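Hi,

Here is the structure I promised to pass on to you. Have a look at it first, and then read my notes below.

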Amino acid sequence: MNVGEQLQKLREEKKMSREELAGEMNVFRQAVYKWENNKGYPDIENLIKSSEFYNVTLDELIKRDQSFQSKIAIDRKKSEDFSDPGFVVGIILVFAGLFLDLGKFSAGVTILGFLTMFFYEDLMRTFCSIKRNFQEGR
């Protein structure tokens, strides 16, 4: 039984309409329709909500559906990905700090490069948060 059939069966056991379930899950009715007819899959957040709502484990929802399992992407660690923008920007800053004559700033630029390589996503999240708060006038 695939995920869609399982979700439909569980909903029908609770004697709920798609619209009622959509309201409960805070999604559109069309999303529930797509899930149940295998035209799309719920994201992980909605899978977790579904498992809690129906009182079943995530394993019970997805284990028997091989096609769904093949669509689940496993993230690689960002530090292993040399095409990551943080890595590229960090390397440029490290080389600039090491090889350009920046006077007193060379060590700072090099350190900034290393920090950028390792904490790029955190820096971007912080920057976006500050920008959003500034735009909202906080």
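**What I found**

The accessible surface of the protein chain comes to about 10,200 Å², and carbon and sulfur atoms make up 58% of that. Before you go further, keep in mind that this is a predicted model.

Now for the fold. You will find eight helices in the protein chain and zero strands, so the pattern along the sequence reads α-α-α-α-α-α-α-α. The chain has 138 residues, and 28% of them count as buried.

Next, the salt bridges. How many does a search of the whole structure find? The search turns up six. Here are some to look for on your screen.

Start in helix α1, which covers residues 3-13. The side chains of Lys-9 and Glu-13 form a salt bridge there, at 3.8 Å from N to O. Why can these two meet? They are four residues apart in the helix, which means that about one helical turn separates them. Lys-9 is partly exposed, with 38% relative accessibility, whereas Glu-13 counts as exposed at 51%. The cut-off matters here: exposed means over 50% relative accessible area, so Glu-13 at 51% gets that label.

Arg-125 and Glu-121 make a salt bridge, and their closest N and O atoms are 3.8 Å apart. Arg-125 is exposed, with 51% relative accessibility, while Glu-121 has a relative accessible area of 37% and is partly exposed.

Glu-19 forms a salt bridge with Arg-29, with 3.8 Å between the closest N and O atoms. Glu-19 sits in helix α2 (residues 18-25) and Arg-29 in helix α3 (residues 29-36), so this pair ties together parts that are ten residues apart in sequence. Of the two partners, Glu-19 counts as exposed at 54% relative accessibility, and Arg-29 counts as partly exposed at 41%.

One last thing to find: which residues are linked in a network of salt bridges? They are Arg-11, Arg-18 and Glu-36.

Cheers

Technical notes. Residues numbered from 1 in each chain as written. Predicted model: local features only at pLDDT ≥ 70, side-chain atom pairs only at ≥ 80, totals over all residues. Heavy atoms only, no water. Helix = DSSP H or I, 4+ residues; strand = E, 2+ residues; numbered from the N terminus. Buried < 20%, exposed > 50% of the residue type's maximum accessible area, 1.4 Å probe, protein only. Areas by Shrake-Rupley, 256 points an atom, 1.4 Å probe, with all protein chains shown as cover. Salt bridge = Lys/Arg side-chain N within 4 Å of Asp/Glu carboxyl O.
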